[in-house]
Amino acid sequence: MDSELIEAAKAAAANAYAPYSGFGVGAAVRLSDGRIVAGCNFENASYGLALCAETVALGSVTALGGLRDVRTIAVTGGRIVKGAITGGDPVRPCGRCRQVIFEAAALSGHDVEVICVSADGSTVESNRISDLLPHAFGPDAL
Ligand code: THU
């Protein structure tokens, strides 16, 4: 398991801007050249405009020209209690984020690993995007 990547996701979660849900999430992407790119969720007073951590991280990856080079993404988070991210359940990407991760997987032909981690570190779960989003709609369908 990529513990450096998990730590990067945890560090990003600490910067979550989530005053409305009170739920902070961090995501960190490992690229094929070893670089790590992180993101956190980013909410808005217009609630529906919230951006998820995975999407923020993959947007930054895209800005670096690395969408084809995504290999692994770690996700963690939980309820924010007195400024700390808490909880024992792993955060699994929402449906939209699975679709966004799938795009990177389809571009590279690499079945991206998604490591889902609980805030307290008690649960670390390795998944493949093909399992999280089977029968996906992707660029090949167009
Ligand atoms: N959230 C993420 O950042 N990633 C996910 O995969 C699930 C949900 C965020 C969105 C929102 O800011 C908060 O968690 C509560 O849904």
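Is Arg30 buried or exposed? Keep that question in mind as you read these notes on a predicted model; point 2 takes it up.

1. **The overall picture.** Let's start with the whole chain. The protein chain has 4 helices and 6 strands. Starting at the N terminus, these elements follow the order α-β-β-α-β-β-α-β-β-α. The radius of gyration is 14 Å, close to the 14 Å that the globule rule gives for 142 residues, so the chain is as compact as a globular protein of that length. Along the principal axes, the C-alpha atoms fill a box of roughly 45 × 35 × 30 Å. Buried residues make up 42% of the 142 in the chain.

2. **Arg30 and its partners.** Now for the opening question. Arg30 is buried, because its relative accessible area is 15% and the cut-off for buried is under 20%. Have a look at the charged groups around this residue. Arg30 forms a salt bridge with Asp2, and their closest N and O atoms are 2.9 Å apart. Since Arg30 sits in strand E1 (residues 23-31) and Asp2 in the segment before helix H1 (3-13), this pair ties together parts that are 28 residues apart in sequence. A salt bridge also joins the side chains of Arg30 and Glu4, again with 2.9 Å from N to O.

3. A search of the whole structure finds 4 salt bridges. One of them brings together the side chains of Glu125 and Arg92, at 2.8 Å from N to O. Glu125 belongs to strand E6 (residues 124-128), while Arg92 is in the loop between strand E4 (84-86) and helix H3 (95-108), so to speak a link between distant parts of the chain, 33 residues apart. Arg92 counts as partly exposed, because its relative accessibility is 44%. Through shared partners, salt bridges join Asp2, Glu4 and Arg30 into one network.

4. **Around the ligand.** Next, find the ligand in the structure. The residues around the ligand include Ser21, Phe23, Val25, Asn41, Glu43 and Arg92. A polar side-chain atom of Asn41 is 2.9 Å from an oxygen atom of the ligand. A polar backbone atom of Ala53 also lies 2.9 Å from a ligand oxygen. For Glu54, an N or O atom in the side chain is 2.7 Å from an oxygen atom of the ligand. On its own the ligand has 370 Å² of accessible area, and the protein covers 79% of this.

5. Where is Asn41 found? Its place is the loop between E2 and H2. Asn41 is buried, because its relative accessible area is 7%. Besides its contact with the ligand, the side chain of Asn41 reaches the backbone oxygen of Phe23 at 2.8 Å. Phe42 is also in the loop between strand E2 (36-40) and helix H2 (53-63). Phe42, however, counts as partly exposed, because its relative accessibility is 48%.

6. **A nonpolar patch.** Which residues make the nonpolar surface patch? They are Tyr17, Tyr20, Phe42, Tyr47 and Leu51, and the patch comes to about 550 Å².

How values were computed: Residues numbered from 1 in each chain as written. Predicted model: local features only at pLDDT ≥ 70, side-chain atom pairs only at ≥ 80, totals over all residues. Heavy atoms only, no water. Patch = residues over 30% accessible without salt bridge, like charges linked within 9 Å, V, L, I, M, F, W, Y side chains within 5 Å. Areas by Shrake-Rupley, 256 points an atom, 1.4 Å probe, with all protein chains shown as cover. Helix = DSSP H or I, 4+ residues; strand = E, 2+ residues; numbered from the N terminus. Buried < 20%, exposed > 50% of the residue type's maximum accessible area, 1.4 Å probe, protein only. Near = heavy atom within 4 Å. Polar contact = N/O pair within 3.5 Å; in protein donor to acceptor, adjacent residues only side chain to side chain. Rg over C-alpha atoms; globule rule 2.2 N^0.38 Å.
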